[in-house]
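Work through the exercises below with the sequence and the coordinates at hand. Each task is followed by a worked solution.

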Amino acid sequence: MTAWSSTQIWLAIILIGVATYSIRLSFIYFFGRIDEVPERVQHVLRYVPAAVLAALVVPAVVTIEPTVSETVLDDRVIAATIAAIVAWKTEDVFWTIGIGMGALWAIRFGPGLVGI
Amino acid sequence: MSIRERLHPDLLAGIKAAGPLVLGILPFALVAGITAVGAGMTIGEAVGMSIIVFAGASQLAAIDLIGSNAPLAVVVGTAVVINVRMLMYSASIAPYFQAFSVRVRSVLAYVLTDQAYAMSIAEYTQNESRSRLWYYFGIGFTLWVVWQLGTIAGAVAGAGVPDSLALDFALPLVFLALLVPAMKDRGTTTAGVVGGAVALIVVAVGVPLNLDLPIAAVTGILAGVVVDATAGGVR
């Protein structure tokens with residue numbers, strides 16, 4: 001749960017919105033005066049999605065425990081590994097969320113449901 | 001004349017082309033609504049974000065960081081970094097829009113997304129006679145409507161879901177679904193692996209000012225650049 005105030009949240013939304021809209025409008029607005037993104041910038045932009053997404057995913061899934069087996073045999077880690085395989089095979093957001101959530105619930109609630 | 005006949009045929013073609021994309025963005029929009037409410041935002045703030053920002057991955061990252069009480073600069077900076085890729089879309093599609101007035105172009109820019117860009121560019125290069133304006137707007141507007149409705153539905157439903165279902169886990173799953181295809185060659189794979197590993201280490205060590213994400217992302221990007229540069233040098 002966030003400790004942010006409503007004002008802070010709206011400020012963040014507006015700042016992100018203005019910046020994102022400026023990025024979208026940039027070349028569409030200024031076409032003719034600047035024609036393309038410099039090649040060096042484009043080159044660096046290639047790596048942004050993979051690096052940022054991985055930096056978001058890994059800490060959200062993995063919690064470091066004292067031993068390797070405790071770290072790896074966590075319900076979130078197992079479910080995310082299954083989901084990663086689904087993402088790789090299908091490249092589909094819908095299936096990745098569906099099977100990933102299903103796997104997490106099966107690990108958490110499955111044993112209880114079958115009476116173990 | 002029926003409404004259908006009065007609308008530009010290429011607007012309808014665009015709406016139709018957006019159909020299959022809807023299945024892909026709807027779960028995304030639901031997650032944006034559910035996790036925003038789960039992170040402590042109101043339904044109004046969740047929907048406001050979808051209307052004002054209208055860029056999925058950056059919204060989810062911002063929600064995630066707001067939920068973990070990151071500083072404002074980190075939240076805004078991360079979201080902007082995720083959206084910088086749209087510079088390339090803007091540059092690439094700009095020549096097709098140059099005939100339109102500034103007012104029209106301002107609206108077209110607002111609905112610029114990965115999907116609207118990719119579909120329209122493909123269509124423009126294959127079909128010369130297609131209306132640049134209406135085809136693109138048909139896709140962009142359809143995705144916009146689905147995004148807003150999905151966010152509202154997610155935010156309303158999310159408020160009533162018990163915590164034990166761990167719906168917040170849908171957030172890393174969405175990122176994962178985007179991450180796997182983004183790691184398409186040696187450089188981008190290195191960027192992902194290093195970015196993820198450094199993020200884990202940095203979180204475990206604990207750095208001040210919630211700079212975990214920027215540190216991990218920049219290290220990952222640099223690793224990708226270096227790996228590709230050295231591979232090129234050897235050749």
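This is a predicted model: local features need pLDDT of at least 70, side-chain atom pairs count only at pLDDT 80 or more; totals for chains, interfaces and linings use all residues.

**Exercise 1.** State how chain A is divided into domains and how many Å separate the domain centres.

Solution. Start with the assignment: domain 1 of chain A covers 1-36, and domain 2 covers 47-116. Then take the centres over C-alpha atoms; they are 32 Å apart.

**Exercise 2.** Find the residues of chain B listed as "transmembrane region" and describe residues 21-40 and 70-87.

Solution. The unreviewed UniProt entry lists residues 21-40, 70-87, 133-159, 165-183, 190-209 and 215-234 of chain B under this heading. In the model, residues 21-40 are 90% helix and 0% strand, with 29 Å between the end C-alpha atoms. For residues 70-87 the values are 78% helix and 0% strand, and the end C-alpha atoms lie 26 Å apart.

**Exercise 3.** Count the residues in contact between chain A and chain B, and characterise the side of chain B.

Solution. Chain B contributes 79 residues and chain A 63 residues. On the side of chain B, helix 10 (residues 170-182) supplies the largest share, 13 residues. By residue class, that side of chain B has 58 nonpolar, 17 polar and four charged residues.

**Exercise 4.** Which residues of helix 3 of chain B are buried, and what covers them?

Solution. Helix 3 spans residues 43-52 of chain B, where B:Glu45, B:Ala46, B:Val47, B:Met49 and B:Ser50 are buried. Their cover includes helix 1 (6-30) of chain A, and also helix 2 (9-38), helix 4 (56-67) and helix 9 (132-158) of chain B. After helix 3 comes B:Phe54, with a positive phi near 50°.

Key:
Residues are numbered from 1 along each chain as its sequence is written. Chains are lettered from A and ligands numbered from 1 in the order in which they are written. Domain bounds come from an automatic or database domain assignment. UniProt positions are given in the numbering used here, feature names are shortened, and annotations may be inferred rather than shown by experiment. Helices (H or I, at least four residues) and strands (E, at least two) are DSSP runs, numbered from the N terminus. Two residues are in contact if their C-beta atoms, placed from the backbone, lie within 7 Å. Ala, Val, Leu, Ile, Met, Phe, Trp, Tyr, Cys and Pro count as nonpolar, Asp, Glu, Lys and Arg as charged, and the others, Gly among them, as polar. A residue is buried if 20 or more other C-beta atoms lie within 10 Å of its own, exposed if 12 or fewer, and partly exposed in between; C-beta atoms are placed from the backbone.
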